[in-house]
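Trainee: I've got the sequence and the model open side by side. Can we walk through it together?

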Amino acid sequence: MFSGDLCRNPKQIMATTLGVLRVCVKCLRPPTKRLGRLCVVSAVSKQQQRNHTIVMERVFPLPAGKDGGLPHPNDVNETHKILRHVEIVEYPTELACILTDYVEGIGIRGDLVKVKKEVFHNDLYPAGLAVYASPENIDEFEEERKAKGIDKSEMRLGVFARMAIKELNHMHLEIPMNDKVEWTLDKQHVQVAFRTQGIELLEECLVLPEEPISTFQDLVVKVWINGLESVDVKATIVPISQKFAPAKAVKK
């Protein structure tokens, strides 16, 4: 049935025979839909198991062989093949890295952060936004920090501060003031105006124009973030009756 070349290659004989019979290589049964699903589940299970390693040990140690080496196969019985779990070593899903630039939602240049391995290998590292947190890279960024005169204990601009700066840059603040009485703008008025926009700021973070303001007009309010960086926010003082005008009744 087989040629001389095939007879000299048992693997080819087996593959040809299974191809003729159309059976599964592993279980030697005709492939069914259920068997196909089981094969897919088995493949997915193997993929998921790559995140950990199971350490096993023999319940009954192997007998010593000659000169303390491995025993002869005849000296090993089924009892020596019994195994038990010792430890499950799980590989971390996150990777420590150093950012080389500002990355929204993660951090700024020089930050030592942990991100998903996929994020580092697929996004940050190829784009040059992060490097491995090796001792050499850590020392390099530490020298850079010292050269810039940044104290390590100093409060630095973090990711949330950067997000606040981005929002303030695109904001036009309306400061409502009473149009029935005389007033002079102060920090508390501005603080309340920011609070109505969902932004809570301390008074010491605000810098108003030097000249007192007591009329409805446009102005610029300087906001300091962590005492390190400032943002000029455009603002307009509006009558409170205009800002919070009562809703008109709908005629039926």
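Trainee: Is lysine 222 buried, exposed or partly exposed?

Mentor: First, a caution: this is a predicted model, where local features need pLDDT of at least 70, side-chain atom pairs count only at pLDDT 80 or more, and totals for chains, interfaces and linings use all residues. Residues are numbered from 1 along each chain as its sequence is written, and side-chain values use heavy atoms, with hydrogens and water left out. Buried means under 20% relative accessible area and exposed over 50%, with partly exposed in between (1.4 Å probe, protein chains only). Lysine 222 has a relative accessible area of 26%, so the label is partly exposed.

Trainee: Which residue does lysine 222 meet in a salt bridge?

Mentor: A salt bridge here is a side-chain nitrogen of Lys or Arg within 4 Å of a carboxyl oxygen of Asp or Glu. For lysine 222 the N to O distance is 2.9 Å, and the partner is aspartate 232. Lysine 222 sits in strand 8 (residues 218–225) and its partner in strand 9 (residues 229–239), so the bridge ties together parts 10 residues apart in sequence.

Trainee: What is the strand order in the open sheet of four strands?

Mentor: Helices (H or I, at least four residues) and strands (E, at least two) are DSSP runs, numbered from the N terminus, and two strands pair if DSSP finds at least two bridges between them. Strand 6 (172–177) and strand 7 (206–207) are the edges, each pairing on one side only. Strand 6 runs parallel to strand 9, joined by six bridges. The pairing in this sheet is mixed, and the order is 6-9-8-7.

Trainee: At about what angle does helix 7 run to strand 6?

Mentor: Axes are lines fitted to C-alpha atoms, for helices over the stretch in contact (heavy atoms within 4.5 Å). Angles run from 0 to 180 degrees between N-to-C directions. Helix 7 (residues 187–196) lies across strand 6, strand 7, strand 8 and strand 9, and its angle to strand 6 is about 120 degrees.

Trainee: How many residues are in the largest nonpolar core?

Mentor: A nonpolar core is a set of buried Ala, Val, Leu, Ile, Met, Phe, Trp, Tyr and Cys residues joined through side-chain atoms within 4.5 Å. Those with the most contacts inside the largest core include Ile175, Val190 and Val223. Leaving aside neighbours within four places in sequence, isoleucine 175 touches Leu185, Val190 and Ile237, among others. The core's total is 24 residues.

Trainee: Which residue in strand 5 stands opposite cysteine 97?

Mentor: The other open sheet has three strands in the order 4-3-5, with antiparallel pairing. Strand 3 and strand 5 pair over three bridges. Asparagine 137, in helix 5, reaches with its side chain to the backbone oxygen of tyrosine 132 at 2.8 Å. The residue opposite cysteine 97 is that one, tyrosine 132.

Definitions and conventions. Polar contact = N/O pair within 3.5 Å; in protein donor to acceptor, adjacent residues only side chain to side chain.
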